[in-house]
Amino acid sequence: MKDLFRTRIGFEGSLDEISRLICKEYNFGNYLGYRLIPVGYEDFNFLLQTARGRFFVKMFATSRTLNDCIRNVDIMLNVLKSGISIPKLYSSLKGNYLSVLSGGKLTLRICVMDFIEGKDLFTSKAKISREDVCSVALLASRLNSLKIKPPKIYDSWAIPNFLEEFKKKSKYLNQKELVLMKPLLRQFEMLDVPTLPFCFVHGDILRTNIIKDKNNKLWIIDFSVSNYYPRIQELAVLACDVLFDKDDPEKSEQNLTLALHEYQKRIKLTPRELWSLPVYIKLAHAMHFLCANYEKK
């Protein structure tokens, strides 16, 4: 597994050596060890154990440009200023939140954060409680209230890119799947996405990106695909993952109703957004299937 994740950063050197360098760059004291964190779609993440404590290290994938890395770190710094519960970022002794380290023949781009003692909701496999639904809806509304407009980045899994991605990936669908997907093309066009209310959107609040700590507090991680999107994008992604119970449609509906109620305590959705949301949720499911199916095949 370690080799699989190392291909993301093109790294074949000693992680112990890099870890010691991080300890020196960040004044973390003596290096004690590391553990790979397998959750994470693109980057190489690991837990760094030092004399000063445990830290989460993100080594950005080679597929990301330097500007992508800078963008990601800048977004996290802006979110941290708002007091929203995301892990604290550490600066190096040089004052850099994004550090560039040399590992053999390769240049590594890293950032270091607090390690949240707990488990992400995917790994824990725990049922989503009523309190969890309320907490995540509140976090989503707080994120969507931020006055952040990051440079645009293309995300092949994002709903606004449905038409473009369908054209590229529909050939990998079977006939039954095509029958289910094709009606969504017309529904997507009817939404007139560019005219919906836009705001800063995390865009990827999935079970893998929510950590519940030992005090049952929820923390949001991974802002790599955050963008300036239609506001209902956040709720649609939540509805097709965190709020979704594949074995209990009624429970899924209850979770969504509760989340909408909590979200609208801070942000009141327009009638058009409420009308568009069910279609947007279908599109969120469709995009997850379309892209996952493409990568599998």
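## The β9-β10 hairpin and its sheet

Let's start at a turn: Asn-216 has a positive phi near 70 degrees in the hairpin of β9 and β10, where four residues sit between the strands. Helices (H or I, at least four residues) and strands (E, at least two) are DSSP runs, numbered from the N terminus, and two strands pair if DSSP finds at least two bridges between them. This is a predicted model, in which local features need pLDDT of at least 70 and side-chain atom pairs count only at pLDDT 80 or more, while totals for chains, interfaces and linings use all residues. Residues are numbered from 1 along each chain as its sequence is written, and side-chain values use heavy atoms, with hydrogens and water left out.

β7 and strand β9 (residues 210-213) run antiparallel and are joined by three bridges. Within that pairing, Gly-118 has Asp-213 as its bridge partner in β9, and Lys-119 has Lys-212. Three bridges also link β9 to β10, again antiparallel, and here Ile-210 stands opposite Ile-220.

## A helix across the strands

Contact itself means heavy atoms within 4.5 Å.

## Nonpolar cores

What joins residues into a core? A nonpolar core is a set of buried Ala, Val, Leu, Ile, Met, Phe, Trp, Tyr and Cys residues joined through side-chain atoms within 4.5 Å. Buried means under 20% relative accessible area, exposed over 50%, and partly exposed in between (1.4 Å probe, protein chains only). The largest core has 68 residues, of which Val-79 and Phe-223 touch the most other members. Helix α10 (residues 271-296) gives this core its largest share, nine residues. Apart from it lies another core, of 19 residues, including Ile-18, Phe-28, Tyr-31 and Ile-110.

Leaving out residues up to four places away in sequence, Phe-223 touches Arg-71, Asn-72, Ile-75, Met-76, Val-79, Ile-86, Leu-143, Phe-200 and His-202. Over in helix α10 we find Cys-291, which is buried at a relative accessible area of 1%. Setting aside neighbours within four places in sequence, Cys-291 is in contact with Ser-156, Trp-157 and Lys-169.

## Pocket and cavity

Grid points are joined across faces, edges and corners, and a volume is the space filled by probe spheres set on the points.

The second largest pocket has a volume of about 400 Å³. Its lining counts 17 residues, and the closest to its centre are Arg-207, Asp-241, Phe-244, Asp-245 and Lys-246. At least two lining residues come from each of α4 (121-124) and α9 (249-263). As for cavities, the count comes to one of 30 Å³ or more. The largest cavity holds about 30 Å³ of space, and Arg-64, Asp-68, Arg-71, Asn-72, Ile-153 and Ser-224 line it.

## Loops worth a look

Most residues other than glycine have a negative phi. Lys-125, in the loop between α4 and α5, has a positive phi near 60 degrees. At 68% relative accessibility, Lys-125 counts as exposed. Asp-192, in the loop between α7 (175-191) and β8 (198-201), also has a positive phi, near 50 degrees, and counts as partly exposed at 39% relative accessibility.

Asn-174 sits in the loop between α6 (162-169) and α7, where its relative accessible area of 37% makes it partly exposed. The C-alpha atoms of Asn-174 and Ile-210 are separated by 33 Å, with the two residues 36 apart along the chain.

Note on methods. 1 Å grid on protein atoms, 1.4 Å probe; cavity = no way out; pocket = protein on both sides within 12 Å on 5 of 7 lines; lining within 4 Å.
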